[in-house]
Each structure stands twice: as C-alpha cells, then as structure tokens.
Amino acid sequence: MKENTRNGKAIYYVIKDNPSIKHGTYVIKAWSGNELLLEGEYNQGKRVGKWTEKYYGQSYDGTLKNTGYYENDQKVGLWIYFNHLGDTTQIYDHTNNDLIYTETPNQSQFVGGFSALSYELNQAIPIPTELNTPGTNRFNIDTKVEILLNPKSKIDSISFSDPIGYGTEEIIENYLREESKQWVYLDQNKKIIVPIKMTMNF
C-alpha cells in the first residue's frame, strides 16, 4: 500500500483479507528522493521491533530524531532522542518510566526532548483557512509557549508570550494535552518554555 503523508510517501503492507490491518515493513520516504524518514514494522496492526525516525523539512537535513523498540504497539526499553543537530538530548526507559539522561537536568521534561516537541508542533499547525485567499501567501509564528506541570506530570496551564490568532493557540494547547504526550515533573519553580518560530509560505 502507498499513501501520502506530510513529508513523504508511506509504503507498507497489509493483510490481504483485511487491508485495514498493517502487517510487515513500514517506511516513509521523503518527497525529495528515497531517503527513509521513518522505518519500522507492524505485526497484526501493532508496532513491533526497532523503529527509527528522522527530522525532515525546511532547516532540517535528515538527522536522526529518535530510535528504540516497540512491543505490542507500546514503546519499551531505552529510547534515544536527538535534536536536529544530531546531539543526544534524552534517554528514556519506557518500560520503567524512568528518565535516564537529559541535557537539561534541572528542568521538567517532555519525553522525546524539546527540540522534537518544537518540530512536532510546527508539523501539527495547519495553514489557517482564513488566509487561503488570493494575494495572501505568508503566515508567521514567533512566540514562546510556557507550560506549567503539576507533581503528577500533568499540564496545569499553558500560556503564550505573543498571540497567534486563527484558533492556532487552541490547536497547540489541544496537541500538548493529548494523552499520548508524556511529561516528567522535576522542578516546580520553573515553567517549561518551548519557542515556536515559523514562516509558512503557500
């Protein structure tokens, strides 16, 4: 099977009698060529074995974003996370929910690292439909998102240093509060600050 994603084409296999179930190798190849941006394997619709993912897009050159293992569609063991320069920013034990290493030891954490979080936010923000009119071709975002965690590693509040508009703040807040996002509470006296700076041309 083949389908388009934001950064490239996904190529994968499914069960013949049930095409909705992925089974076998799964890759995403960049639009610009055959570079593998994501590589892993499904077993009966669930991620298993080793998975790797790379950064891709404007200002990114395909450096490794993360690597680790899945078991029954859950991350297990040690996962290594990198920033877009290729530096290790975090090592997290997903089996024991234990932060093994972080480049910012005195600050509460997003599991995956803040470089990855900023990248993912940029990927998740859509072009506002209000701007999709003739003569409008740019959408600038230059703000900092402040996130306050409570001792249960849940988000208490989210604020923005500068307004964005077009409902984008709500999109970002909903994304950050998704249950799949993991946080580690370390320091109650500091807010987590994630800079978002982006220009969308369309």
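User: Is Glu53 buried, partly exposed or exposed, and what is its relative accessibility?

Analyst: The classes rest on relative accessible area: buried means under 20%, exposed over 50%, and partly exposed in between (1.4 Å probe, protein chains only). Glu53, at 26% relative accessibility, counts as partly exposed. Please note that the model is predicted: local features need pLDDT of at least 70, side-chain atom pairs count only at pLDDT 80 or more, and totals for chains, interfaces and linings use all residues. Residues are numbered from 1 along each chain as its sequence is written, and side-chain values use heavy atoms, leaving out hydrogens and water.

User: With which residue does Glu53 form a salt bridge?

Analyst: Side chains of opposite charge can pair when their charged atoms come close. The term requires a side-chain nitrogen of Lys or Arg within 4 Å of a carboxyl oxygen of Asp or Glu. Glu53 pairs with Lys65, with 3.6 Å between the closest N and O atoms. This pair links distant parts of the chain, Glu53 in strand E5 and Lys65 in strand E6, 12 residues apart. Strands (E, at least two residues) and helices (H or I, at least four) are DSSP runs, numbered from the N terminus.

User: Is Lys65 buried or exposed?

Analyst: Lys65 counts as buried because its relative accessibility is 2%.
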